[in-house]
Amino acid sequence: MLSSKVSKALNTQIELEASSSQYYLSMASWAETEGLNGVAGFLYTHADEERMHMLKLIKFVNERGGHGIVPALKQPPHKFKSVKAIFEEVLKHEIKVTSEINNLVEITLKEKDYTTHNFLQWYVSEQIEEEALARQIVDKLKLIGDDKGGLYFFDRDLEGIASAQDGKGGADKGGK
Ligand code: OFO
C-alpha cells in the first residue's frame with residue numbers, strides 16, 4: 001500500500017510525464033510543418049514514449065492501492081525558433097525530469113517504500129539514456145551550425161533513429 005506522500009509524489013510525476021508527451025508532440029507537429037520529417041518522426045516517437053512512461057506510473061499506482069489521476073494539461077508552446085532551439089529545450093526538460101525522478105527516489109527512501117524505490121529504478125536508467133541522447137543531438141547541431149546541407153543530413157539521420165526507436169517502443173509497450 002502506498003503512503004499518501006508517495007502516492008502524491010507519483011501523481012505529480014504522472015503529470016510531468018503527460019506534459020512531456022504533449023510538449024514533444026507540439027514540437028513534432030511544428031517540425032512536420034517545416035518539412036523536417038526526420039525530426040518530426042523522432043519527436044512523435046518520443047512523445048509516445050513519454051505517454052508510455054505516464055501509463056506505466058498510473059498502472060503501478062493503481063496496482064499498489066492508490067489512484068493514478070489523469071491530469072489536466074496546459075497548452076505547450078507551438079512555435080519554435082529552430083531545430084537547435086528545440087533540442088536544447090528537450091535536453092533542459094530531460095535534466096529537469098531526471099531531477100524530479102531523483103527527488104521521488106529520495107521520498108521513497110524516507111518513507112521506507114522499497115517496492116516503489118525498486119520500481120523507480122527503471123526511470124533512473126531511462127533518464128540516463130534520454131539525457132545522453134539529447135546531449136548527443138545538441139552536440140551534432142552545434143557542429144552543423146547554419147549549414148543547410150548539414151541540417152538535411154541530420155534530418156535523414158533522425159529518421160533512422162526514429163524508426164529504430166519505433167521498433168524498441170513496440171517491444172517496450174508489450175513488455176511493461
Ligand atoms: Fe519520461 O523520460 Fe523524458 O521526460
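The crossing of H1 and H2 is left-handed; the term applies when the near helix is turned anticlockwise from the far one by less than a right angle, and right-handed is the word if the turn is clockwise. Helices here are DSSP runs of H or I with at least four residues, strands are runs of E with at least two, and both are numbered from the N terminus. This is a predicted model, in which local features need pLDDT of at least 70 and side-chain atom pairs count only at pLDDT 80 or more, while totals for chains, interfaces and linings use all residues. Residues are numbered from 1 along each chain as its sequence is written, and side-chain values use heavy atoms, with hydrogens and water left out.

Back to the first pair. The axes of H1 and H2 come within 8 Å and cross at roughly 165°. An axis is a line fitted to C-alpha atoms, for helices over the stretch in contact, and the angle between N-to-C directions runs from 0 to 180 degrees. H1 and H2 are therefore roughly antiparallel. That label is for angles over 145 degrees; under 35 is roughly parallel, 65 to 115 roughly perpendicular, and the rest oblique. Sorted by class, the contact of H1 with H2 has 18 nonpolar, seven polar and four charged residues. Nonpolar covers Ala, Val, Leu, Ile, Met, Phe, Trp, Tyr, Cys and Pro, charged covers Asp, Glu, Lys and Arg, and the others, Gly among them, are polar.

Alanine 40 is in helix H2 and is buried, with a relative accessible area of 1%. Buried means under 20% relative accessible area, exposed means over 50%, and partly exposed is in between, with a 1.4 Å probe and protein chains only. Leaving aside neighbours within four places in sequence, alanine 40 is in contact with Ala28, Ala31 and Glu32, where contact means heavy atoms within 4.5 Å. The C-alpha atoms of alanine 40 and tryptophan 30 are separated by 7.7 Å, and the two residues are 10 apart along the chain.

Tyrosine 44 also has its place in helix H2. Its relative accessibility is 27%, so tyrosine 44 counts as partly exposed. Not counting residues up to four places away in sequence, tyrosine 44 touches Leu25, Ala28, Ser29 and Glu32. From tyrosine 44 to serine 29, 15 residues apart along the chain, the C-alpha separation is 8.0 Å.

Next, H2 and H4. These helices pack at an angle of about 170°, with their axes 12 Å apart, and that makes H2 roughly antiparallel to H4. By class, their contact has nine nonpolar, four polar and five charged residues. Among the residues that meet are Phe42, Glu49 and His53 in H2, and Phe119, Glu126 and Ile137 in H4.

Is glutamate 126 buried or exposed? At 7% relative accessibility, glutamate 126 counts as buried. This residue lies in helix H4 and touches Glu49 and His53, not counting residues up to four places away in sequence.

H3 passes H4 in a left-handed crossing. The class count for this contact is 18 nonpolar, five polar and seven charged residues. In the loop between H3 and H4 we find lysine 112. Lysine 112 has a positive phi of about 55° although it is not a glycine, and it is exposed, with a relative accessible area of 61%.

Valine 90, in helix H3, counts as buried at 2% relative accessibility. Leaving aside neighbours within four places in sequence, valine 90 is in contact with Tyr24, Met27, Leu43, His46 and Ala134.
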